[in-house]
Each structure stands twice: as C-alpha cells, then as structure tokens.
Amino acid sequence: MTGRIDAHHHLWDLSRRPQPWMDGAWADPIRRTYTLDDLAPHLAAHGIHGTVLVQSSASRAETAELLAVAARSPVVRGVVGWADLTDPGLPGVLDTMPPLLVGLRHQVQDEPDPHWLARPAVRRGLAAVADAGLVYDLLVTPRQLPAALAAARALPALTFVLDHAAKPAIAARAWRPWADGLAALARLPNTVCKLSGLVTEADWPTWRPADIHPYARHALDTFGPHRTLFGSDWPVCTLAAPYETVVTLAETATAHLTPDERAAVFGGNAVGVYGV
C-alpha cells in the first residue's frame, strides 16, 4: 500500500525571493511564507502520507531549496522543479540533479505566445526531459491546449502531466473549447491529468460544489481513473477553499469509482507517474 498522496502542492519563502505571479491585491491572502510545518496538520487530518512538491517560480535556486526540503522530509516523495527548457546545456543540468527531482514545469500559462510549446528550442528541451527519465508538468490554459496536444503528439516518449485540468473557466461557466481540447489530449497515451486547482477557477466567494463537479467529472471520464491524480494545489487553493474542502470535493467527485480506482487517483497513479 502506498497510502494517500497529494500530487500537487507548493511551498515558498518570500524572505528568499518574491513570487512574480503574485501581481495584485488578489494574492494578499497568500502573500506570506509557507512551510511544510504549515501543511503537515492538513495531511495528517486526511490520512495523506506523501506529497509531490511543485515549483512556483522560474528559479533554479528555488528548485534547489525544494529538493533540500524533500531530502529532509520523508513526506515529500518528489519535486517537480524548474530549469530553462531552452538552455542548450539542459541535459548536463539534469544529469546533476538528485533522484528526488521527478519532473520539470514552466509557467507556460504566462507566456504571451500561445504556441510557446511549439518552439524548436522548447521541443529540444522537452526531449531532454524525456531522455533524463523525468516527466513534464503542463501548466496551461484552454488557449494553450492545442500547442500542448501537438507537443505531446511529437514527443511520445515523454509523459505529460496536465496540471489543474488545463484551468477551465468555471466562473464564466465556459465549457468549449476546453472540454474538446481536454478530450483530445486524453486520447494520447502519454498524458495524465491532475484533479487539482479547480476551486480557484470558480468564483471564489460564491462557488458551490455543483459548479465544479461537471469539470472534475469530465476530466475523470476522459482520462479515466488510472490516469488521473489528486492534488490540492495548496496553498493557492486557499484563495477559494481550505484544504479540507478541496479534499472533500475530490472525494465526492470520485465517489462513483471502485475502491481500487479511488486508491489509484489518491495515490497509486502518483507512484506510477512520478516513480515516488
């Protein structure tokens, strides 16, 4: 038994570096340092025995710090860090990384070019990620799903982990083209999806579970329970809901699954995808 795993959370220390994406008053509620000690009570309350810690800034220094946290804690099973995909020396950089590095991620959602993932230098970097035996977390929005689909088709040896189900516009009750793009990506065998980050795509003060469940169920239906991973997106999720509510939402969305399927979503798939 692997136990439950939260496959997506963050930690940051604002005394070391700013988080550039915190670019307005909307981020004030989470504009502080978050440590593993802050997260530990939530994990214990929900029987979560392991986590995957994910980068939050485009910084190799931050990645080194996250790896140090993981090395000190048996709870953090792996780190999805950051490195410059366009760096010609990326293969050498990855060769120096410890085994606790299980994947890379870049804030593709913030790139002005919706076809950033199609750039030759980026594609070479993604190929280097595959060669290093790592996975790639896709942080994209619906407008970048076509480029994500093309990249996943072009690199069948690389496993792409779609963060936050590609961030559907739940607050606007938008369904297409997100739903079609998600289904197209799910048809590729080298893709998986995180059931994470959906509460912050809803209207923060007024959302209800019924607003989110159709999007969560579509992700589950298209990727299937053996290619879907639970992640809290803590502490970002607390902008819209506490950790406990996020877990309850995921449990409700997966209540129709068999016990083995739920165990896969809440831990087994993270072991298989990240090797943690």
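## About the model

The structure is a predicted model, in which local features need pLDDT of at least 70 and side-chain atom pairs count only at pLDDT 80 or more, while totals for chains, interfaces and linings use all residues. Residues are numbered from 1 along each chain as its sequence is written, and side-chain values use heavy atoms, with hydrogens and water left out.

## The nonpolar cores

Let's start on the inside. The largest nonpolar core holds 85 residues, and the members that touch the most others are Leu85, Leu117, Leu126, Tyr136, Phe160, Leu162 and Val199. A nonpolar core here is a set of buried Ala, Val, Leu, Ile, Met, Phe, Trp, Tyr and Cys residues joined through side-chain atoms within 4.5 Å. Buried means under 20% relative accessible area, exposed means over 50%, and partly exposed lies in between (1.4 Å probe, protein chains only). There is also a second, separate core of 13 residues, with Val52, Val102, Val161 and Ala270 among them.

Which residues does Val199 contact, leaving aside its neighbours within four places in sequence? They are Trp204, Trp207, Ile212, Cys237, Ala240, Ala241, Val246 and Leu249, where contact means heavy atoms within 4.5 Å.

## Helices α5 and α6

Helices (H or I, at least four residues) and strands (E, at least two) are DSSP runs, numbered from the N terminus. Helix α5 spans residues 145-154, and its buried residues are Leu145, Ala147, Ala148, Leu149, Ala151 and Ala152. The cover over these buried residues includes α4 (120-131), β5 (135-138), β6 (160-162), α6 and β7 (191-195).

The axes of α5 and α6 are 10 Å apart, and the two helices pack at an angle of about 5°. Axes are lines fitted to C-alpha atoms, for helices over the stretch in contact, and angles run from 0 to 180 degrees between N-to-C directions. The pair is therefore roughly parallel; angles under 35 degrees count as roughly parallel, over 145 as roughly antiparallel, 65 to 115 as roughly perpendicular and the rest as oblique. Leu145, Ala148, Leu149 and Ala152 of α5 meet Trp178, Gly181, Leu182, Ala184 and Leu185 of α6. By class, this contact has eight nonpolar residues, one polar and no charged. Ala, Val, Leu, Ile, Met, Phe, Trp, Tyr, Cys and Pro count as nonpolar, Asp, Glu, Lys and Arg as charged, and the others, Gly among them, as polar.

## Helix α7 and its partners

The axes of α6 (residues 178-186) and α7 (residues 209-223) come within 9 Å and cross at roughly 25°, which means that α6 is roughly parallel to α7. From α6, Trp178, Ala179, Leu182, Ala183, Leu185 and Ala186 meet Tyr215, His218, Ala219, Thr222 and Phe223 of α7. These residues divide into nine nonpolar, two polar and no charged. Not counting residues up to four places away in sequence, His218 touches Trp175, Trp178, Ala179 and Leu182.

On to α8 (243-253). Helices α7 and α8 pack at about 55° with their axes 10 Å apart, so α7 is oblique to α8. Pro209, Ile212, His213, Ala216, Arg217 and Leu220 of α7 meet Leu249, Thr252 and Ala253 of α8. That contact has six nonpolar, two polar and one charged residues.

Most residues other than glycine have a negative phi, and most peptide bonds are trans. With that in mind, a few places deserve a look. A cis peptide bond with omega of about 10° joins Arg176 and Pro177, and Pro177 sits in the loop between β6 and α6. Another cis peptide bond, with omega of about 0°, joins Trp234 and Pro235; Pro235 lies in the loop between β8 (228-230) and α8.

His164 has a positive phi of about 55° although it is not a glycine. His164 lies in the loop between β6 and α6 and is buried, with a relative accessible area of 4%. Ala165 also has a positive phi, near 50°. Ala165 belongs to the loop between β6 and α6 and is buried at 1% relative accessible area.

## Arg60 in helix α2

Arg60 lies in helix α2 (residues 60-72) and is partly exposed, with a relative accessible area of 43%. Arg60 and Asp84 are 24 residues apart in sequence and 8.5 Å apart in space, C-alpha to C-alpha. Leaving aside neighbours within four places in sequence, Arg60 contacts Trp82, Ala83 and Val93.
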